[in-house]
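Subject: Model handover and notes

Hello,

Please find the structure below. My notes on it follow.

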Amino acid sequence: MIVANMTPAADPGGGVMKHVANFDLQITDDIRICGMRLLRAPDGRLLTYAPTALGGRRAVTFSPQTTAAIVDAARNSYLELVTADDRSNPAAA
């Protein structure tokens, strides 16, 4: 599983869930899900959501174990991105 094209969200939104970033998820060499979202819950947890189909119906679902692996991979990718973009961080220079 590979997280690709991680991009911070331009607008986190004003709702309960804050939109943190968008990314693509390479499941296998043959399967890529584009437009995944990384969100922050009010309690600080990060959650991922697959894109929805017309009418708001879920386009893709994952088992709890796969969901946990996706969240871990997306979190790591996001933290690498924001650390690299933080010019005040000596480790990012």
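Four strands form an open sheet in the order β1-β2-β3-β4, with antiparallel pairing. The edge strands are β1 (2-8) and β4, each of which pairs on one side only. From one strand to the next, the twist averages 30 degrees; for angles, axes are lines fitted to C-alpha atoms, for helices over the stretch in contact, and values run from 0 to 180 degrees between N-to-C directions. Two strands are taken to pair if DSSP finds at least two bridges between them. Helices (H or I, at least four residues) and strands (E, at least two) are DSSP runs, numbered from the N terminus.

This is a predicted model, in which local features need pLDDT of at least 70 and side-chain atom pairs count only at pLDDT 80 or more, while totals for chains, interfaces and linings use all residues. Residues are numbered from 1 along each chain as its sequence is written, and side-chain values use heavy atoms, with hydrogens and water left out.

The whole chain

The secondary structure comes to one helix and four strands, and the elements run β-β-β-β-α from the N terminus on. Of the 93 residues in the chain, 26% are buried. Here buried means under 20% relative accessible area, exposed means over 50%, and partly exposed lies in between (1.4 Å probe, protein chains only). The accessible surface of the chain is about 6100 Å², and carbon and sulfur atoms account for 54% of that surface. Areas come from the Shrake-Rupley method with a 1.4 Å probe; for residues, only the protein chains shown count as cover. Among contacts (heavy atoms within 4.5 Å) between residues at least 6 apart in sequence, 32% join residues at least 24 apart.

Strand pairs

Strand β2 (residues 18-26) runs antiparallel to β3, and seven bridges join the two. F23 has M36 in β3 as its bridge partner. Strand β3 (residues 32-40) also pairs with strand β4 (residues 46-49), in the antiparallel sense and over four bridges. There, R37 is bridged to Y49 in β4. The hairpin of β3 and β4 has five residues between the strands, and G44 in this hairpin takes a positive phi near 95 degrees.

I2 sits in strand β1. Why does I2 count as exposed? Its relative accessible area is 52%. Leaving aside neighbours within four places in sequence, I2 is in contact with D24, L25 and Q26. I2 and R32 are 30 residues apart in sequence, with 9.2 Å between their C-alpha atoms.

H19 belongs to strand β2 and counts as partly exposed because its relative accessibility is 21%. Not counting residues up to four places away in sequence, H19 touches A9, D11, P12, R37, L38 and L39. P8 is 11 residues from H19 along the chain, and their C-alpha atoms are separated by 8.6 Å. Two further approaches involve the H19 side chain: the backbone oxygen of A21 at 3.3 Å, and the side chain of N22, in a polar contact of 2.8 Å. A polar contact is a pair of N or O atoms within 3.5 Å; within protein, one must be able to donate a hydrogen and the other to accept it, and residues adjacent in sequence count only if both atoms are side-chain atoms.

S77 lies in helix α1 (residues 64-85). With a relative accessibility of 16%, S77 counts as buried. Not counting residues up to four places away in sequence, S77 touches V3 and M6.

Regards
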